[in-house]
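Here's a quick look at the pockets and aromatic contacts of one protein. Have the structure open as you read.

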Amino acid sequence: MYLYDKLSQYGKKSYYPFHMPGHKRNLKLMGEMNPYAIDITEIDGFDNLHDPEDVILESMKRAEKLYQSEKTFYLVNGSTAGILTGISACTKKGDKILMARNCHKAAYHAVFVNELNPVYLYPQFDNKKGIQCGYSAEYIKNMLIKHPDTSLIVLVSPTYEGVVSEIKEICKLAHERNIPVLVDEAHGAHFAFHRAFPSSALELGADVVIQSVHKTLPAFTQTALLHINSKLVDIKKIKTYFSIYQTSSPSYVLMAGIDQCIGMLEERREELFENLIHNLRYFYEEMSELNHIKVIEANGRDLSKILISTKGTNMTGPELYDILLKKYKLQMEMAEADYVLAITTIGDTKEGFDRLMAALREIDTTLSKCSEAGNASYTPVKAEVVLLQHKAFEREKEYCLLEKSENRIAGGFVNLYPPGIPILVPGEKITHDILEHIYAYQETGLSMKGLKDEKYVLCCL
């Protein structure tokens with residue numbers, strides 16, 4: 001079967017998307033579009049993304065006004081291109097950077113290609129909720145004292161689960177030292193449009209902010225924004241790397257999708273977000289009455305990221321994910337050891353929320369309480385860096401059985417996916433602690449990338 005035919009068939013079924021992209025295939029909101037009718041190249045009258053002077057430049061200026069940024073660039077290679085561009089433009093080869101360990105793999109690729117020396121920042125873990133916390137300014141201050149030669153701070157805020165860091169205070173600390181702050185805000189492109197959400201890193205003083213419009217707003221997959229709000233960042237370097245990491249044939253379909261999204265936000269954001277917040281608040285209120293399943297409260301988090309916890313029950317996160325998908329045709333964004341994540345946006349409907357509430361009520365009646373012992377959670381494991389990534393890349397490698405890999409040096413990435421946060425990075429020592437985490441994740445049924453046949457890991461010779 002051709003991919004297009006499979007997608008068409010899937011679209012006709014009754015699966016409801018509590019996952020990206022943010023348009024949720026909602027044709028009532030988005031309208032019909034024939035992509036072939038608007039798929040062109042850089043012909044006369046339609047501008048050029050790499051040297052915009054006309055309609056694309058005007059569109060990006062509208063985005064700048066909407067987000068109140070000094071400069072905004074459209075990304076058609078996703079937030080990945082923005083992260084690579086921002087880190088490359090803000091560093092020189094060999095620089096030391098402070099980098100959140102829970103960064104997207106694109107940040108690790110930027111470290112590799114620029115031969116950077118990353119000092120990892122480790123978030124605390126909330127055992128009660130089973131999720132990672134944000135970064136405090138006090139922690140960053142102490143790290144800056146230990147590493148005064150830092151060239152850049154790279155953070156993820158919000159996390160996949162909607163947790164934010166103390167961005168305003170962190171930026172103040174960094175700027176006192178003339179250090180730029182880059183925030184991967186891929187999951188926060190919607191923050192600026194309702195007071196119920198946390199404040200955007202753009203508003204809080206970050207120098208470089210990357211947002212995926214396709215994740216939490218109604219736009220096509222692979223579309224994102226790169227915002228610059230700082231004199232600490234060289235715009236000429238940004239433009240140079242922007243041209244390197246973006247295709248030389250940017251899709252006009254994708255750019256039109258960003259433009260359409262910006263127009264919708266200019267005209268209807270108050271109406272659309274009020275409706276979303278109303279549905280979300282009703283959902284949280286109703287689901288607070290469940291006996292076993294817990295919908296984790298949104299205090300200090302982005303409430304549009306719904307975390308449905310099975311902690312303390314006789315069901316795991318992956319099991320709940322499978323039941324919601326197979327029995328109720330509700331496709332979640334991801335499963336962790338003891339929770340599932342549902343992403344909601346202005347593309348969601350009341351019917352979708354109603355279906356999820358009904359399913360959770362029914363499932364809740366089938367559960368019982370049990371000991372939480374043995375449940376794996378994504379607690380951060382501190383890395384022992386033996387080789388920098390680019391040095392590990394140069395080594396000869398071989399696959400080794402997991403049980404015989406302790407104390408070897410990793411030759412490739414091992415990630416929990418989604419969200420793609422690394423358990424192992426090339427050049428790091430494979431410790432007993434890390435192996436115990438990998439075994440626990442496998443036992444829980446979590447998806448890991450980077451292992452061969454689930455039992456071999458790539459090692460440096």
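## The largest pocket

The largest pocket holds about 1200 Å³ of space. Its lining takes in 28 residues, and L7, H23, R25, P35 and F220 are the ones closest to the centre. Keep in mind that this is a predicted model.

Which elements give two or more residues to this lining? They are α1 (3-11), α2 (27-30) and α10 (252-287). The top contributor is α1, which puts in five residues. Sorted by class, the lining of the largest pocket comes out at 14 nonpolar, 12 polar and two charged residues.

## The second largest pocket

Next up is the second largest pocket, with about 690 Å³ of space. A set of 36 residues lines this one, and H104, Y160, H187, K215 and P419 lie nearest its centre. Two or more lining residues come from each of α4 (78-89), β6 (131-132), α8 (213-216) and β14 (334-336).

Here α4 has the largest share of the lining, at four residues.

Searching the whole structure turns up 15 aromatic pairs. One of them joins F283 and Y284: the ring centres are 6.0 Å apart and the planes meet at 85°, so this pair counts as edge-to-face. The cut-off behind that label is an angle over 60 degrees.

Are these two residues buried or exposed? F283 is buried, because its relative accessibility is 0%. Y284 has a relative accessible area of 15%, so Y284 is buried too; the limit for that call is under 20%.

## Charges over rings

Now for lysines and aromatic faces. The charged end of K71 sits over the ring of F73, at 5.8 Å from the ring's centre. Over at Y399, the residue lying over the face of the ring is K452, and the distance to the ring centre is 5.0 Å.

## Quick recap

What does each pocket lining draw on? For the largest pocket, α1 gives the most residues, while α4 has the largest share in the second largest pocket.

Definitions and conventions: Residues numbered from 1 in each chain as written. Predicted model: local features only at pLDDT ≥ 70, side-chain atom pairs only at ≥ 80, totals over all residues. Heavy atoms only, no water. 1 Å grid on protein atoms, 1.4 Å probe; cavity = no way out; pocket = protein on both sides within 12 Å on 5 of 7 lines; lining within 4 Å. Points joined across faces, edges and corners; volume = space filled by probe spheres on them. Nonpolar A, V, L, I, M, F, W, Y, C, P; charged D, E, K, R; others polar. Phe/Tyr/Trp six-rings, centres within 6.5 Å; stacked < 30°, edge-to-face > 60°. Buried < 20%, exposed > 50% of the residue type's maximum accessible area, 1.4 Å probe, protein only. Lys NZ or Arg CZ within 6 Å of the ring centre and 35° of its normal.
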